[in-house]
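Here are my notes on the model you sent over. Have the structure open while you go through them.

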Amino acid sequence: MVLSEQALKKIDRELAKFPADQRQSAVMAALAIAQDETNWLSPEVMQFVADYIGMPAVAVQEVATFYNMYNTKPVGKHKITVCTNLPCALSGGERAAHHLKQKLGLDYKETSADGQFTLMEGECMGACGDAPVLLVNNKRMCSFMSNEKIDALVSELSQTTGAGK
C-alpha cells in the first residue's frame, strides 16, 4: 500500500467534510497528508491519491505542481525555504540565505548528500515585519533570523536527524 492506514483515515476525515459528488474538494488536504508521510509526491503517490479520491490523475498533478508547498521532487528531511521577496531581501533575507548556503554547503534547490537538508527560495510568506523569515517543511515559520538564530536552527534540526554540519 502506498499510504498507511493512518494516512488513509486522515484523508477519509477530509473527504467526509464534502458532499460525495465533490470529493475532489479534499485533494489539497489529501496531498498534504500524503506528503507528510512520504516527504514528497512521487507520480505513484499522486496516482494513488487520484484513485482514492476518484479524480483524474492529471487533475491531482495540476494541483501538486501549481502550489509550491507540494514537493514533486525528492527533498531533504528538512526543507528550509528562505523568503527572498523584496521586503525580506531588503531586511536581511539575502544575508540569511547567504549564511544558510555557507552553513549547509548548498545552493537553492539543492539537497545535502546525507539527505537531511534542502534549501529553497520562497516568495512572500506574509510576515514582512518579521524579516528575515524562514519556513521549515512548510509548517514552522522562523522570524527575525540572525546568523546566530540560523546556526541554532540548523543545529536543532541536525540533532533530530543525527546529522551534523
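1. The accessible surface of the chain comes to about 8,900 Å², and 53% of that belongs to carbon and sulfur atoms. Areas here come from the Shrake-Rupley method with a 1.4 Å probe, and for residues only the protein chains shown count as cover. Buried residues make up 41% of the 165 in the chain; buried means under 20% relative accessible area, exposed over 50%, and partly exposed in between (1.4 Å probe, protein chains only).

2. Some housekeeping. This is a predicted model, where local features need pLDDT of at least 70 and side-chain atom pairs count only at pLDDT 80 or more, while totals for chains, interfaces and linings use all residues. Residues are numbered from 1 along each chain as its sequence is written, and side-chain values use heavy atoms, with hydrogens and water left out.

3. On the overall layout, the chain has six helices and five strands, in the order α-α-α-α-β-α-β-β-β-β-α. Helices (H or I, at least four residues) and strands (E, at least two) are DSSP runs, numbered from the N terminus. The C-alpha atoms fill a box of roughly 50 × 35 × 25 Å along the principal axes. Among contacts between residues at least 6 apart in sequence, 60% join residues at least 24 apart; a contact means heavy atoms within 4.5 Å.

4. Take a look at α2, residues 27–38. Its 12 residues reach 16 Å from first C-alpha to last, close to the 16 Å expected at 1.5 Å a residue (expected span being 1.5 Å times one less than the number of residues). Which residues of α2 are buried? They are Val-27, Ala-30, Leu-31, Ile-33, Ala-34 and Gln-35, and their cover includes α1 (5–15), α3 (43–53) and α4 (57–66). After the helix comes Asn-39, with a positive phi near 80 degrees.

5. The structure holds five salt bridges, each a side-chain nitrogen of Lys or Arg within 4 Å of a carboxyl oxygen of Asp or Glu. One of them joins Asp-36 and Lys-139 (3.3 Å, N to O). Asp-36 sits in α2 and Lys-139 in the loop between β4 and β5 (140–142), so the pair ties together parts 103 residues apart in sequence. Asp-36 is exposed at 52% relative accessibility, and Lys-139 is exposed at 59%.

6. Another salt bridge pairs Lys-103 with Asp-151, the closest N and O atoms being 3.8 Å apart. This pair links distant parts of the chain: Lys-103 is in α5 (86–104) and Asp-151 in α6 (147–161), 48 residues apart. Lys-103 is partly exposed at 25%, and Asp-151 is partly exposed at 27%.

7. If you were wondering about disulfides, the search of the whole structure finds zero, with the cut-off set at a pair of cysteine sulfur atoms within 2.5 Å. For Cys-83, the nearest cysteine sulfur is that of Cys-88, 3.5 Å away. Cys-83 is buried, with a relative accessible area of 2%. For Cys-128, the nearest is that of Cys-124, 4.0 Å away, and Cys-128 is partly exposed at 36%.

8. Last, Leu-135 in strand β4 (134–136). Leu-135 counts as buried because its relative accessibility is 16%. Leaving aside neighbours within four places in sequence, Leu-135 is in contact with Lys-79, Ile-80, Thr-81, Met-125, Arg-140 and Met-141.
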